[in-house]
Amino acid sequence: MTTTRREQILDTAATLFAERGFHGVSMHDIGTACGISGPALYKHFAGKDDLLTRSLTSISERLLAEGRARSEAADSTEAALDALIDWHIEFALDHRALIVIQEREWTNLGAEGRREVRALQLAYIDIWVDTVQHLRDDLDAAEARAAVQATFGLINSTPHSARISPDVMRARLAAMARAALLA
């Protein structure tokens, strides 16, 4: 997969935001890390706020699109749940910086960015809730949503806790997520 300049800038900005915090990073820092001048970044983004918003929006769009695709491609509800779990674990392990900035920098998003990201996140959660409710008809939507969001908390904790090999962590998280959702 070829990475565009825009994607490279988003990835670099996310990494820097995760390492130093949103307010600890300048456009110059991002440009330097990308090998371009700070002012050249303005060809791609309106500013640092836009970079944060686009980082979180683009990954939320990707989570939703991939979650939808994997769920729809599954040949059973159980397989759909496994596909969703595998996807979210893959995301959490491969995009730790985005997990960190989502958690730490949410308040730095403008109101419109928060609305956009939240709408995408809710649509992604709804895929999980529908899947869980098919497997757990004893749960109403609110209970299924609570279980899904708690499971996200478990999986999304990996940027702070993953001290074992990625393969072992994947297997451990998958078993724990499945058990939590089906308990």
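UniProt positions are given here in the numbering of this chain, feature names are shortened, and annotations may be inferred rather than shown by experiment. The UniProt record, an unreviewed entry, places the feature "domain: HTH tetR-type" at residues 3–63. The model is predicted, so local features need pLDDT of at least 70 and side-chain atom pairs count only at pLDDT 80 or more, while totals for chains, interfaces and linings use all residues. Residues are numbered from 1 along each chain as its sequence is written, and side-chain values use heavy atoms, with hydrogens and water left out.

Helices (H or I, at least four residues) and strands (E, at least two) are DSSP runs, numbered from the N terminus. On this basis the span 3–63 is 66% helix and 0% strand, and its end C-alpha atoms lie 18 Å apart.

Burial was assigned from relative accessible area, with buried meaning under 20%, exposed over 50%, and partly exposed in between (1.4 Å probe, protein chains only). A nonpolar core is a set of buried Ala, Val, Leu, Ile, Met, Phe, Trp, Tyr and Cys residues joined through side-chain atoms within 4.5 Å. In soluble globular proteins, nonpolar side chains tend to be buried together. The largest nonpolar core of the model has 55 residues, of which Phe17, Ile30 and Leu51 touch the most other members. Helix 1, helix 2 (27–34), helix 3, helix 4, helix 5, helix 6, helix 7 and helix 9 (166–182) each give two or more residues to this core.

Contact means heavy atoms within 4.5 Å. Leaving out residues up to four places away in sequence, Phe17 touches Phe22, Val25, Ile30, Lys48, Leu51, Leu52, Ile101, Arg104 and Glu105. Leucine 41 lies in the loop between helix 2 and helix 3. Leucine 41 counts as buried because its relative accessibility is 0%. With the sequence neighbours up to four places away again left out, its contacts are Ile9, Met27, Ile30, Gly31 and Ile36. The C-alpha atoms of leucine 41 and leucine 51 are 9.6 Å apart, and the two residues are ten apart in sequence.

Rolling a probe the size of a water molecule over the atoms shows where empty space is left. On a 1 Å grid over the protein atoms alone, a cavity is a set of points where a 1.4 Å probe fits but cannot get out; a pocket is an open set with protein on both sides within 12 Å along at least five of seven lines, and lining residues have an atom within 4 Å of a point. Grid points are joined across faces, edges and corners, and a volume is the space filled by probe spheres set on the points. The largest pocket holds about 450 Å³. It is lined by 21 residues, and the closest to its centre are His88, Gln102, Gln121, Phe152 and Asn156. At least two lining residues come from each of helix 3 (48–73), helix 4 (77–94), helix 5 (96–104), helix 6 (111–135) and helix 7 (141–156). Helix 6 gives the most, with five residues. For residue classes, Ala, Val, Leu, Ile, Met, Phe, Trp, Tyr, Cys and Pro count as nonpolar, Asp, Glu, Lys and Arg as charged, and the others, Gly among them, as polar. The lining of the largest pocket has ten nonpolar, nine polar and two charged residues.

Histidine 88 belongs to helix 4. Its relative accessibility is 2%, so histidine 88 counts as buried. Beyond four places in sequence, histidine 88 touches Leu63, Tyr124, Trp128, Phe152, Ile155 and Asn156. Glutamine 102 is in helix 5 and, at 22% relative accessibility, counts as partly exposed. Its contacts beyond four places in sequence are Leu56, Val117 and Gln121.

The second largest pocket has a volume of about 320 Å³. Twelve residues line this second pocket, and Glu7, Asp11, Ser58, Ile59 and Arg62 are the closest to its centre. Helix 1 (5–20) and helix 3 each supply at least two residues of its lining. By class, this lining has five nonpolar, four polar and three charged residues.
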